[in-house]
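The sequence and the structure are shown first, and the description follows.

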Amino acid sequence: MAKKTPAINSSSTADIAFLLLCYFLMTTTMGTQTGLSRRLPPMPDPNQKVEDQKVNRRNIIIVKINSADRILAGSEPIDVSQLKDKIKIFLTNPTDDPSLPVMEPTEIEGLGTRPVSKGVISLQNDRGTSYQAYIAVQNELVKAVNELRDEASMREYGRKYLALTEEQQKTIKDLVPQQISEAEPKDVGKRRR
Amino acid sequence: MPAITSSSLSDIVFMLLFFFMVTTQLRETENKVVVKIPQASEAAKLERKDLASYINIGTPIPSLQAQYGTDARIQLNDSFKTTSDIRDFIAAERDSKSEADRSFMTVCIRADQDVRMGIITDVKQELRRCSALKIMYSSRKAE
């Protein structure tokens, strides 16, 4: 008759596992990174002659933030809360105003010819601008574009932008491009670090 | 009264352990600057977390303020650096990614909300010089 082997006392494995669990809880992070994605313009070639890109004056809106976090859009001071609507009007030009960007009819794949705004938003900031104000303005600009994209996709497909397929989203992106340029740094006003 | 069998308890705990191991990632660096990232309602999720490199900008943590002062500093990996070190940092980060993914590398700027734009502009200019053009301003999602 075989000798009966005593069972290994397994009551402590739970404790060991708990210790491991605690270790992983302490050393890891779970938070997902969220933020505003941007693409920086490439550095201009030093050998190339500096040539001012001739962008038609009506196609560009300059948003400036000074060191006191005040905002100037176009030529008038404005509050952050009004910026979104201003940008939306700028990018859609509903009244065909000659001082607002051209809506150029463009052939869009899958949709046909649609007017596409040539507007570019140029964002300028001072060295003394606070980061919070800068992000708030960036956020408003993105929000304006996102809302326009939502409106465009409702019009074209009858659904919100986020509910579209990847291909449809690309089409809408062509229709409502996000043209935000972060200009070369300029020192405006007095320096404050 | 028979004792409750506790043999399955360890299995349950192991299950929990695996869950946390899969859903979390190791904390790589210790924060040496205080970063309270700003809020933005349009914040979008970073798609490839493994392709991100982080640049922290903020005031040093209180215990280091005696040594480094309270001016905003840049933290790369585990130490305070200046803008001129960004080039090496980006080169090292690029090397650590696989060749196919290099063009998708994103530099995540995690800056404190009270930092002045001067330092961030310097960082951005340096990033442009190293042609690390995909950047993301870290921000909290808020409605």
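In which hand, left or right, does α1(A) cross α1(B)? The crossing of α1(A) with α1(B) is left-handed, meaning that the near helix is turned anticlockwise from the far one by less than a right angle, whereas clockwise would be right-handed.

The model is predicted, so that local features need pLDDT of at least 70 and side-chain atom pairs count only at pLDDT 80 or more, while totals for chains, interfaces and linings use all residues. Residues are numbered from 1 along each chain as its sequence is written, and chains are lettered from A and ligands numbered from 1 in the order in which they are written.

**Two helix pairs**

Helices (H or I, at least four residues) and strands (E, at least two) are DSSP runs numbered from the N terminus. Axes are lines fitted to C-alpha atoms, for helices over the stretch in contact, and angles run from 0 to 180 degrees between N-to-C directions.

| Helix pair | Angle | Axis separation |
|---|---|---|
| α1(A) and α1(B) | roughly 15° | within 8 Å |
| α2(A) and α3(A) | about 40° | 9 Å |

At that angle α1(A) is roughly parallel to α1(B), the term for angles under 35 degrees; over 145 is roughly antiparallel, 65 to 115 roughly perpendicular and the rest oblique. From α1(A), residues including A:Phe18 and A:Phe24 take part in the contact, and from α1(B), residues including B:Phe14 and B:Phe20. By class, this contact has 14 nonpolar, two polar and no charged residues. Here Ala, Val, Leu, Ile, Met, Phe, Trp, Tyr, Cys and Pro count as nonpolar, Asp, Glu, Lys and Arg as charged, and the others, Gly among them, as polar.

Within chain A, α2(A) and α3(A) are oblique to each other, and their crossing is right-handed. Among the residues that meet are A:Lys84 and A:Lys88 in α2(A) and A:Glu140 and A:Glu147 in α3(A). This contact comprises nine nonpolar, one polar and five charged residues.

**The two chains together**

In total, 43 residues of chain A are in contact with 51 residues of chain B, contact being C-beta atoms, placed from the backbone, within 7 Å. The side of chain A that touches chain B holds 17 nonpolar, 19 polar and seven charged residues.

**Chain B**

Chain B contains four helices and ten strands. Its C-alpha trace spans about 75 × 45 × 35 Å along the principal axes.

Conventions. Two residues are in contact if their C-beta atoms, placed from the backbone, lie within 7 Å.
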